[in-house]
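Thanks for coming. I will go through one model this morning and keep it brief.

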Amino acid sequence: MYARKVNDQELNFSVSGMLWRRSLIMIDRETKSLWSHLLGKAMDGTLKGTTLETLPGVITTWKAWKEAQPKTSVLVMSRTAREFVKEFHEQPGRFVLGLRLLHRAKAYPFEALIAQPVINDTFGEDAVLLVYDPDGTGGRAFDRRVKVKNEDRTLQFERGKGKLTDRETRSVWSEEGRCVEGVLKGIELRELPAIPSFAKAWKQFYPETEIYKLPK
Amino acid sequence: MMMMMMPTMMRRMPFLFLFIGLGSLSAVFSEEEFNPRVVIPKPFAPIVDPEIGTLEEADGKVVKDEELVLGVVVGREARAYPINTLTGPRREIINDRLGGRSIAATW
């Protein structure tokens, strides 16, 4: 999910018909620059070197989404697949939830997320939280550092009895990263762009990627 | 064996110099060779101004409970893109507007 305004110009993207490292190359109608779909970066053309802002999108079930967002609108288009992407569940080994922060990349295999739906991880200087929704196939990433009364604190999360709580204050958090109950109520975690991706494509794009492993 | 490795090594050399010169990992990371492969000779037309419905209009018709959606919130507006309408090369990218911003829905 990208913002598509660059230097005050709105770009209209489509599929270029080219592939690079097993992944899609997009083209914009306005400048004909070629963009890596996975990197969100112009690889060729007048906008070469420009990176699009990634917006946090989440993949989840319609049921979970409409409950979380009762005012949601919906794209209305004809169906292209009867039942695509049960694959995440059926073949989790082929997919990762990819996280890229500055010059670092880390992949969280869906297998690991299914086994451990709440992951408190440290990634370089960043403290991150990965939350996997076992009812859907949604995985989200958050920064788990918060400011409480001007003090920086790093929280550890866990899920018990279906509720996401932090160990420090026992406050209750929504799946969207908002504290809904307890002393931290009202505080929101910063969501980080996490991209579901084929494991192979991710490794090809980010050969330096770290891969999360379950603790033994 | 050495002969076979030569082209690869030569291609990698400039990056190696950059790496040593700048001491920066980012140079290795971003300045990779761009050599796309043409699979379809002509780009598809972009999808613009897509039809948008309300939750009530879509519920059970466009998308069913157990189906997957790509959901996004921009500002105060939320939108769901049903994955079962986004598969296939013609539907990879939806040029849309939400919460006052221009967005490209893709996953």
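Predicted model: local features only at pLDDT ≥ 70, side-chain atom pairs only at ≥ 80, totals over all residues.

Residues are numbered from 1 along each chain as its sequence is written, chains are lettered from A and ligands numbered from 1 in the order in which they are written, and side-chain values use heavy atoms, leaving out hydrogens and water.

Now the rings. Rings of Phe, Tyr and Trp (its six-membered ring) pair if their centres lie within 6.5 Å; planes under 30 degrees apart are stacked, over 60 edge-to-face, and the rest tilted. That rule gives six aromatic pairs over all chains. One of them joins F13(A) and W35(A), with centres 5.4 Å apart and planes at 85°, so this pair is edge-to-face. F13(A) lies in strand β4 of chain A and W35(A) in strand β6 (residues 34–36) of chain A, so the pair ties together parts 22 residues apart in sequence. Strands here are DSSP runs of E, at least two residues, and helices are runs of H or I, at least four, numbered from the N terminus. F13(A) is buried, at a relative accessible area of 0%, and W35(A) is buried, also at 0%. W202(A) and Y206(A) make a tilted pair, 4.5 Å centre to centre with 45° between the planes.

Next, the largest pocket. A pocket is an open set of points on a 1 Å grid over the protein atoms alone, where a 1.4 Å probe fits, with protein on both sides within 12 Å along at least five of seven lines; lining residues have an atom within 4 Å of a point. How much space lies in it? About 830 Å³, a volume being the space filled by probe spheres set on the points. The lining has 40 residues, and S23(A), H37(A), F198(A), E92(B) and W107(B) lie nearest the centre. β22(A) gives the most, five residues.

Last, the sheet. Three strands form an open sheet in the order β1(A)-β6(B)-β5(B), with antiparallel pairing; two strands pair if DSSP finds at least two bridges between them. The edge strands, β1 (2–3) of chain A and β5 (94–98) of chain B, each pair on one side only. Between β5(B) and β6 (residues 101–105) of chain B there are five bridges, and N95(B) has A104(B) as its bridge partner.

Technical notes:
Buried < 20%, exposed > 50% of the residue type's maximum accessible area, 1.4 Å probe, protein only.
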